[in-house]
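Work through each task with the sequence and structure open before turning to its solution.

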Amino acid sequence: MKKILYILDTFETGGAEKSLLDIAIQNKAVESVFVTLYKGNLLAAAAQQAGIKVISLNRTEKYAFGKIVQLLKPIIQEEKPDLIHATLFRADIVSRKIKRYFKIPLVSSLVNNSYIDERYQKLSLLGKLKLYYIQRYDALTAKKVDYFISNSQTIKESNAKALGLNPEKIKVIFRGRDLSKFLSLSEEQLLQTKYELKVQENQVTLLNVSRLLDRKGQLDLLQAIKKLVITHPNVKLYIAGEGFYRSVLEEYIEANNLHSYVELLGNRNDIPYLLQLADVFVFPTHYEGLPGALIEAMMAEKTIVCTAIPENEECVSSQEAIFFKKGDVSNLVATLQEVINQPHQFSALGKNARMVAIEKFSIAKVVDQYNALYTSIIQNHTQ
């Protein structure tokens with residue numbers, strides 16, 4: 001049995017981490033081992049419960065790449081993986097540095113639209129210079145990677161251009177999700193979650209699941225809620241996720257007295273239950289990789305309101321979701337008002353979304369694609 005060593009920055013509840021864990025849990029054709037470099041291991045227990053080995057370095061430095069390489073060397077010597085798969089920037093850099101010591105094929109994930117113009121435009125001059133340096137360093141070290149897996153066509157094209165990658169070395173494999181997680185839910189746990197969140201009988205429940213980041217558009221959503229509750233005071237928004245942007249969102253909630261209408265839930269491990277309780281899933285993101293949270297909402301058969309960006313449009317069409325213009329708060333308010341006022345008009349979209357999700361994002365199909373690629377890379381490396 002082949003062994004795959006996954007190297008991650010952390011094991012927190014981000015889309016990339018959750019996707020790789022789901023793949024590893026479902027993948028019985030290989031032995032999976034996860035190494036996490038920095039402190040943050042919320043998903044480790046779930047991996048270990050599934051019989052997957054997790055090695056956590058728990059480093060607190062922001063980078064310290066050289067030190068981490070030295071810590072990784074004995075782990076790789078002991079585990080003897082057939083292939084190393086790195087995901088997210090710091091793990092990518094560390095894995096590329098360690099290539100000098102081991103003749104093991106290296107795969108890197110492309111999961112973010114990290115170097116687009118919108119990101120540069122929002123930065124100070126110093127911020128632009130730092131990001132440019134990171135981009136050049138990323139491009140230079142990327143030459144050591146044997147193959148890339150991109151989670152969407154949009155991300156493939158964007159990163160190939162930004163990093164000067166050969167498109168033939170990039171395979172697009174969508175993120176997968178396990179449909180069963182969104183079906184047989186415990187009625188007891190559902191009632192318990194409903195009680196915890198104090199969901200009222202006449203409440204219109206909006207849900208956003210995402211890291212708390214500027215680019216995720218949550219401030220747009222709060223600005224929309226401020227206007228929406230004037231005409232729809234029974235609306236309640238829950239945001240599940242964590243991130244450095246929390247303080248900005250908290251300040252806006254405080255300054256605009258939105259405590260009764262918005263709740264920041266932090267990281268959660270019960271997303272299927274939150275989705276079950278939601279009337280509408282709202283996804284105001286400005287740019288993405290392939291949005292795992294959106295795919296989960298599709299699996300849960302939710303009415304989806306999301307930005308009209310290429311990354312979202314790879315997941316859903318107007319037959320499965322309602323789109324609004326990125327960053328346009330007034331358009332978002334009008335869209336939510338329409339959905340809340342005429343819910344039956346959009347009820348078929350959720351059903352359509354689930355059917356598309358099963359066809360495109362079934363975890364079993366994704367695992368088969370990963371295994372075919374892993375096998376091909378390992379075989380080519382040994383020839």
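**Exercise 1.** Find the distance between the closest N and O atoms of Glu359 and Lys365, and classify both residues by accessibility.

*Solution.* Begin with the pair itself: the closest N and O atoms of Glu359 and Lys365 are 3.6 Å apart, and the two residues form a salt bridge (a side-chain nitrogen of Lys or Arg within 4 Å of a carboxyl oxygen of Asp or Glu). Next, turn to accessibility, where buried means under 20% relative accessible area, exposed means over 50%, and partly exposed lies in between, with a 1.4 Å probe and protein chains only. Glu359 has a relative accessibility of 54% and counts as exposed, whereas Lys365, at 35%, is partly exposed.

Before going on, keep in mind that this is a predicted model, in which local features need pLDDT of at least 70 and side-chain atom pairs count only at pLDDT 80 or more, while totals for chains, interfaces and linings use all residues. Residues are numbered from 1 along each chain as its sequence is written, and side-chain values use heavy atoms, with hydrogens and water left out.

**Exercise 2.** Which parts of the chain does the pair Arg211 and Glu17 tie together?

*Solution.* First, check the distance: the side chains of Arg211 and Glu17 meet in a salt bridge at 2.9 Å, N to O. Then locate both residues: Arg211 lies in the loop between β8 (204-209) and α9 (218-231) and Glu17 in helix α1 (residues 15-26), so the pair ties together parts that are 194 residues apart in sequence. Helices (H or I, at least four residues) and strands (E, at least two) are DSSP runs, numbered from the N terminus. Finally, Arg211 is partly exposed at 34% relative accessibility, while Glu17 is buried at 1%.
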